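Dear colleague,

Please find the structure below, handed over for your use.

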Amino acid sequence: MKDQPDASAVYKPSDDFVANAHVDAGAYAKMYAASVADPDAFWAEHGQRIDWIQPFTKVKNTNFEFGKVDIKWFEDGTLNVSANCIDRHMITRANQTAIIWEPDDPKTPALHITYAKLLEETSRMANVLKSVGVKKGDRVVIYLPMIPEAAYAMLACARIGAIHSIVFAGFSPDALANRINDCDAKVVITADYAPRGGKKTPLKDNTDKALLHCSDRVKCLVVKHTGDQIHWIADRDIDLRQQMDWAKPYCPYVEMGAEDPLFILYTSGSTGKPKGVVHTSGGYLVYASMTQQLTFDYHDGDVFWCTADVGWVTGHSYIIYGPLANGATTLMFEGVPTFPDAGRFWEVCAKHKVSQFYTAPTAIRSLMGLGPEWVEKHDLSSLKVLGSVGEPINPEAWNWYNTHVGKGTRPIVDTFWQTETGGHMLTPLPGAIPAKPGSATLPFFGVKPVVLDPATAKVHDEVETEGVLCIADSWPGQMRTLWGDHERFQEAYFAQYKGYYFTGDGCRRDADGYYWITGRVDDVINVSGHRMGTAEVESALVAHEKVAEAAVVGYPHDIKGQGIYAYVTLMKGVEPSDALRKELEAFVRQEIGPIAKPDLIQWAPGLPKTRSGKIMRRILRKIAENDFGSLGDTSTLADPSVVDDLIENRMNRH
Ligand code: 6R9
């Protein structure tokens, strides 16, 4: 039987939970008020949560004015992020586990990597990077599976001041090449294969293909992880494990400015070209560590598990930087929720006595469909807090998560944030803010959300309202720029609503002041919690020789949240067929990666266009949603009859 959601319900934490929580309701109200009344004083205090080499004397120096956008936090302080995540814990935690690594195959033993070991491995990798000429400010692309070397690589870069850019291992050679070229990386770190769910992705082979389109100077450091056969190019390829074994086990860390870049992470926007989001060192680390501790109410001795991949921002902030800056034990999982069976998540929770479990609604929905018996088999008594991220969580999934995983007693934190924001923006603090299923509730400290009218750009002052979500002032974890393109940064985030950071999301605020994200209002869709620009998929499709034109929209999908619906107009003389549909699907996989494969392709003899040639996406969205009774005004179309054909041959008939 389906769990019946009660969307109006409010879930309060137990008295015991509140008594032990870092922040209770009273403290939240006081601290939040202080954080927005005097951000300088608030962050001067909380900036102390990390170790500085030169303490900062300036706190906030930020400007949201279009044309002059400039964001600096703790600007005269110096620090090293790797030292904050490792060295400073050595006195008290050298033998504590920093990272639990759970491999794809449950028969392979898990690893428990202590802080002492993390220091050694990170140092060895940092020394290898130095030996191939990587210096402060150089870019290093990381294209790895979820293996400990990914963590060492990030921290090794941070240690020597190199800027890492992780490319998700599910991306294609083309996507990898574009990113290597965009940031002009000196080195790419990869592995032979990435095992996931019993299958292996040929990462080295993909990297070989990518590097055909890159400078000859790019070195390739390879982790021989599975040991399977790979091509080897002498002079370019380096056996990373072997070099690490030979390298010195200690590497001193470099003094970095608070505003020196820590990493670049490419994400989808509303144009075809992915955006290189830049995060810097000081503010990002303060924010990632504070949100990790308070949003999840992390305490010493807890085991924290964020199921994301390090290829996404969630993995950066909540597998690596946040938890390790706090001296936590963080779990890194190489596999997938359904391998070898649908109980894997819960088996891992039981095996490692996980305290905080943080995952995405799409994972919950897919497991929900397989039945609660997979959860009930395992002992989940160690769990204290559950988290959700990536997209709005529908009340059915929330309820299932609460009932079967949380046994009705664990707070659920629904965290709204973005690659651009570095850390949580709207989220309950579990001991302070009662949850409502489907709402990301209230802002984190220092975050000033505003709801604007999308048409007039006026701020809605009334509590109960709906509109687009903007943020009125800077917070330390905010991105600073787009790599090499400050103009585009301002255009993308500060041009539409002057004086505000525009999230790209719509939202509703209820009578209690709670925020409910309603989804993207731009041409970004959210597929299984992954951001995908419709323009990216369109450019991949039109790159195919048989495609004349393509328009891509999202449509509701039971498991993925949104699916990818492509309308494709073929070149003259080309006949549509199922074989061609398969060919196009494979082509998009190859151009971008499996996550961009269209779920539905409709052959469109024509697309609905205005007389000036603009595609009317509103109409295409409606048809994809199977909601064509209310298409609105179609009179401005150059040829209204194309719409009838599209409706007649629509692919989504649910
Ligand atoms: C962290 C991350 C950001 C977009 C964001 C929004 C959606 C993320 C959400 C959520 C509703 C939540 N989103 N968390 N929507 N409730 N709790 O996901 O970053 O990949 O950059 O995606 O995801 O639409 O704008 P990113």
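A residue is called buried when its relative accessible area is under 20%, exposed when that value is over 50%, and partly exposed in between (1.4 Å probe, protein chains only). The model is predicted, so local features need pLDDT of at least 70 and side-chain atom pairs count only at pLDDT 80 or more, while totals for chains, interfaces and linings use all residues. Residues are numbered from 1 along each chain as its sequence is written, and side-chain values use heavy atoms, with hydrogens and water left out.

Salt bridges

A salt bridge is a side-chain nitrogen of Lys or Arg within 4 Å of a carboxyl oxygen of Asp or Glu. The structure contains 40 of them.

One of these joins arginine 581 to aspartate 578, at 3.0 Å from N to O. The two residues lie 3 apart in helix H19 (residues 578–591), about one helical turn; helices (H or I, at least four residues) and strands (E, at least two) are DSSP runs, numbered from the N terminus. Aspartate 578 is exposed, with a relative accessible area of 53%, whereas arginine 581 is buried at 17%. Shared partners also link Lys117, Glu121, Glu149, Arg241 and Asp245 into one network of salt bridges.

In helix H9 (residues 203–211), aspartate 205 and lysine 209 are 4 residues apart, again about one helical turn. Their closest N and O atoms are 3.3 Å apart in a salt bridge. Aspartate 205 is partly exposed at 31% relative accessibility, and lysine 209 is partly exposed at 42%.

Aspartate 105 and lysine 107 form a further salt bridge, at 3.9 Å from N to O. Here aspartate 105 is partly exposed at 29%, and lysine 107 is exposed at 74%.

The ligand

The ligand is surrounded by 17 residues, the closest being Asp414, Thr415, Thr419, Asp505 and Arg520; a residue counts as near if one of its heavy atoms lies within 4 Å. Helix H12 (313–325), strand S20 (412–415) and strand S25 (515–520) each contribute at least two residues to this shell.

A polar side-chain atom of aspartate 505 is 2.4 Å from an oxygen atom of the ligand. On the backbone side, an N or O atom of glycine 390 lies 3.1 Å from a ligand nitrogen, and a polar backbone atom of proline 392 lies 3.4 Å from a nitrogen atom of the ligand.

With kind regards

Conventions
Polar contact = N/O pair within 3.5 Å; in protein donor to acceptor, adjacent residues only side chain to side chain.
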